[in-house]
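Please consider the structure shown below. The paragraphs that follow lead through it step by step.

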Amino acid sequence: MSWEIILFNSTQKINSVVELDENQLEQTNFSGILESSFDRINKKDNYREIIGADFTIDYFVSNEHTSNFMLSLYGENGIYALIELAKKHNWQIYDSGTDGMIDLENPKKNGFENHGKYIEQLVKGKS
């Protein structure tokens with residue numbers, strides 16, 4: 001299963017998306033930055049698939065600058081690649097599986113391991 005995350009560009013430290021001040025969000029060309037940051041990208045119409053070492057990242061290109069951008073990750077290494085981009089561009093990352101922000105300095109704290117637990121709960125719930 002994929003891991004849905006949202007990139008935010010905000011001057012405000014986001015602790016909770018519920019308390020997000022939309023006036024603090026900055027418009028960004030996320031698609032352009034992603035495409036210029038990775039070497040291997042499959043392109044079909046407005047769909048993109050970044051292929052990295054043991055991960056893929058899917059998203060749909062936006063021709064507009066936006067203050068947030070949703071991606072689907074497959075594989076733990078994808079989050080580390082995005083964390084490096086986030087640090088470089090002062091982005092923040094929201095994890096939809098845990099309903100919280102990812103700690104960019106300590107991603108293991110609330111990253112892929114918790115995503116795995118979330119998926120496990122979903123699978124058990126379907127049994």
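**A guided reading of the model**

Asp54 lies in the loop between β3 and β4 (55–60); helices (H or I, at least four residues) and strands (E, at least two) are DSSP runs, numbered from the N terminus. This is a predicted model, in which local features need pLDDT of at least 70 and side-chain atom pairs count only at pLDDT 80 or more, while totals for chains, interfaces and linings use all residues. Residues are numbered from 1 along each chain as its sequence is written, and side-chain values use heavy atoms, with hydrogens and water left out.

The phi angle of Asp54 is near 65 degrees, a positive value in a residue other than glycine. Most residues other than glycine have a negative phi. With a relative accessible area of 67%, Asp54 is exposed; that term applies over 50% relative accessible area, buried means under 20%, and partly exposed covers the range in between (1.4 Å probe, protein chains only). Asp45 is found in another loop, between β2 (41–44) and β3 (47–52). Its phi is likewise positive, near 55 degrees, and Asp45 is exposed, with a relative accessible area of 70%.

The chain as a whole can now be placed around these loops. Its secondary structure comes to three helices and seven strands, and from the N terminus on the elements run β-α-β-β-β-β-α-β-β-α. Of the 127 residues in the protein chain, 39% are buried. Among contacts (heavy atoms within 4.5 Å) between residues at least 6 apart in sequence, 51% join residues at least 24 apart.

Which strands pair with β6? Two strands pair if DSSP finds at least two bridges between them. Strand β1 (residues 3–9) runs antiparallel to β6 and is joined to it by five bridges; here Leu7 has Ile93 of β6 as its bridge partner. Strand β7 (residues 100–101) also pairs with β6 in the antiparallel sense, over two bridges, and Met101 of β7 is the bridge partner of Tyr94. The hairpin of β6 and β7 has four residues between the strands, and in this hairpin Asp99 takes a positive phi near 55 degrees.

Aromatic side chains provide a further link. A search of the whole structure finds four aromatic pairs; rings of Phe, Tyr and Trp (its six-membered ring) pair if their centres lie within 6.5 Å, and planes under 30 degrees apart count as stacked, over 60 as edge-to-face and the rest as tilted. The rings of Phe30 and Trp91 have centres 4.8 Å apart and planes at 55 degrees, so this pair is tilted. Because Phe30 lies in helix α1 (residues 30–37) and Trp91 in strand β6, the pair ties together parts that are 61 residues apart in sequence. Phe30 is buried at a relative accessible area of 1%, and Trp91 is buried at 2%. One aromatic cluster is formed by Phe30, Tyr59, Phe69 and Trp91.

Phe30, Ser31, Ile33 and Leu34 are buried in α1. Seen down the helix axis, the buried residues of α1 fall within an arc of 165 degrees, so they line one face of the helix; the arc is that of the directions from the helix axis to the C-beta atoms.
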